[in-house]
Amino acid sequence: METITLTIRITPELKRQIEIIAKNEDRSINNLINIILKNYIKENTLNKKS
């Protein structure tokens, strides 16, 4: 699958929390953020169809 680079700005606290979760789940930060975004889109798409 082709990917693109996306640059975002977040607070240092949010970055720290993401790093902790990624480490606890043995994931990269990039992988964790991809999962979070995919789940958010899936949940919101399903809710709008109902």
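The structure is a predicted model, in which local features need pLDDT of at least 70 and side-chain atom pairs count only at pLDDT 80 or more, while totals for chains, interfaces and linings use all residues. Residues are numbered from 1 along each chain as its sequence is written, and side-chain values use heavy atoms, with hydrogens and water left out.

We may begin with the overall architecture. The protein chain holds two helices and zero strands, where helices (H or I, at least four residues) and strands (E, at least two) are DSSP runs numbered from the N terminus. Along the principal axes, a box of roughly 35 × 25 × 25 Å contains the C-alpha atoms of the protein chain.

Of the 50 residues in the protein chain, 6% count as buried, with buried meaning under 20% relative accessible area, exposed over 50%, and partly exposed in between (1.4 Å probe, protein chains only). The accessible surface comes to about 5,000 Å², and carbon and sulfur atoms account for 55% of this area. Such areas come from the Shrake-Rupley method with a 1.4 Å probe, and for residues only the protein chains shown count as cover.

Helix α1 spans residues 12–24. With 13 residues, α1 reaches 18 Å from its first C-alpha to its last, close to the 18 Å expected at 1.5 Å a residue; the expected span is 1.5 Å times one less than the number of residues. Ile-10 is found in the segment before α1, and this residue is partly exposed at 37% relative accessibility. The C-alpha atoms of Ile-10 and Lys-42 lie 22 Å from each other, with the two residues 32 apart along the chain.

Charged side chains come next. The protein chain carries 9 positive and 6 negative side chains, and the centres of the two sets lie 5 Å apart. Lys and Arg count as positive and Asp and Glu as negative, with His and the chain ends not counted; each charge is placed at NZ of Lys, CZ of Arg, CG of Asp or CD of Glu. Side chains of opposite charge can pair when their charged atoms come close. Here there are three salt bridges, a salt bridge being a side-chain nitrogen of Lys or Arg within 4 Å of a carboxyl oxygen of Asp or Glu.

Among these pairs, Arg-16 and Glu-13 have their closest N and O atoms 2.8 Å apart. Arg-16 and Glu-13 are three residues apart in helix α1, so about one helical turn separates them. Arg-16 is partly exposed at 41% relative accessibility, and Glu-13 is partly exposed at 38%.

Lys-15 forms a salt bridge with Glu-19, where the closest N and O atoms are 3.3 Å apart. Both Lys-15 and Glu-19 belong to helix α1 and sit four residues apart, about one turn of the helix. An α-helix has 3.6 residues a turn, so residues three or four places apart point the same way. Lys-15 counts as partly exposed at 44% relative accessibility, and Glu-19 counts as partly exposed at 33%.

A further salt bridge joins the side chains of Glu-25 and Arg-27, at 3.0 Å from N to O. Glu-25 has a relative accessible area of 43% and is partly exposed; Arg-27 is also partly exposed, at 35%.

The loop between α1 and α2 (29–49) includes Asp-26. Although Asp-26 is not a glycine, this residue has a positive phi of about 55°, and its position is just after α1. At 74% relative accessibility, Asp-26 counts as exposed.

Ile-35 lies in helix α2 and is partly exposed, with a relative accessible area of 28%. The C-alpha atoms of Ile-35 and Thr-3 are separated by 14 Å, and the two residues are 32 apart along the chain. Asn-44 is likewise found in helix α2 and counts as partly exposed at 26% relative accessibility. From C-alpha to C-alpha, Asn-44 and Asn-34 are 15 Å apart in space, and in sequence they are 10 residues apart.
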